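Please view the model alongside the text.

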Amino acid sequence: MIDPHDLLKIDAKHLISHLPIPDWAIQALNMAPYVVVRRAHAPKGQIAAGIRGKARNERFGAFLPADSFICQIKPEDLTESTLFENKPSPVFLSLKLASEILAKHKLVWGPGGSAGFELATGIVTVTAESDLDIVLRAPKSIPIHIAAEIIHAMKSCPARVDIQAETPAGSFSLLEYANGSATMLVKTKFGPILCENPWKSEMNKSMELLKNPS
């Protein structure tokens with residue numbers, strides 16, 4: 001299954017874009033021919049893909065035929081400590097601590113963002129200012145006290161840690177959930193949704209409205 005945050009190794013000639021691909025994006029693909037799966041609606045038979053450059057503002061959205069990628073790397077494929085144990089930056093030190101914290105709860109997770117990209121491609125993308133982005137698979141409800149425990153433990157990490165919980169319908173901030181917010185902002189491929197419980201049927205109703213606004 002192809003999910004948001006997955007990294008796909010590609011041949012750039014297969015990219016589909018309705019806008020000219022920027023020079024920086026072409027250079028980035030020459031260095032590391034990988035795109036990240038975007039959370040966006042794609043035409044049938046295509047995948048929404050994003051190209052990331054060196055700067056935070058260098059992000060370009062395109063599409064890819066669903067059968068044209070060379071290999072797929074999921075965030076949870078990048079949790080083996082040997083991948084990052086010799087990387088001394090705050091982000092990778094935080095990743096080591098995060099792996100110990102999440103192992104206690106037997107959750108499926110992996111690094112996304114710049115840390116995941118660097119571990120997957122070998123291209124240095126993490127800087128001293130980088131946050132640690134974590135993708136947490138949450139197909140079933142997570143008890144709020146467990147979420148709060150995880151968030152509290154992550155405060156010991158030297159880098160800021162952002163955990164996005166991924167449900168079958170979309171993703172939400174674990175911090176927001178742990179804080180007991182009355183409504184949650186859930187990001188879906190059709191747009192953001194406000195709901196009380198990201199696992200309940202109200203999500204499906206909201207998504208149907210986004211798909212069919214009329």
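## Strand pairing around β7

Strand β6 (residues 109-111) pairs with β7 in the antiparallel sense, over 3 bridges. Pairing requires at least two DSSP bridges between two strands. Strands are DSSP runs of E, at least two residues; helices are runs of H or I, at least four residues; numbering starts from the N terminus. Pro 111 stands opposite Ile 134 in β7.

β7 also pairs with strand β8 (residues 161-166), in the parallel sense, over 6 bridges. Here Leu 132 stands opposite Val 161 in β8. From β7 the chain crosses through helix α4 (residues 144-154) to β8, a right-handed β-α-β crossover. Right-handed means a clockwise path from the first strand over the helix to the second, with the strands pointing away from the viewer.

## Gln 164

Gln 164 is found in β8. Its relative accessible area is 13%, so Gln 164 is buried. Its side chain makes a polar contact of 3.4 Å with that of Ser 171.

## Record and model

UniProt, in an unreviewed entry, places "domain: Phosphoribosyl-dephospho-CoA transferase MdcG N-terminal" at residues 4-67. The annotation may be inferred rather than shown by experiment. That span is 14% helix and 33% strand, with its end C-alpha atoms 16 Å apart.

The model is predicted: local features need pLDDT of at least 70, side-chain atom pairs count only at pLDDT 80 or more, and totals for chains, interfaces and linings use all residues. Residues are numbered from 1 along each chain as its sequence is written, and side-chain values use heavy atoms, leaving out hydrogens and water.

Terms used. Buried means under 20% relative accessible area, exposed over 50%, partly exposed in between (1.4 Å probe, protein chains only). A polar contact is a pair of N or O atoms within 3.5 Å; within protein, one must be able to donate a hydrogen and the other to accept it, and residues adjacent in sequence count only if both atoms are side-chain atoms.
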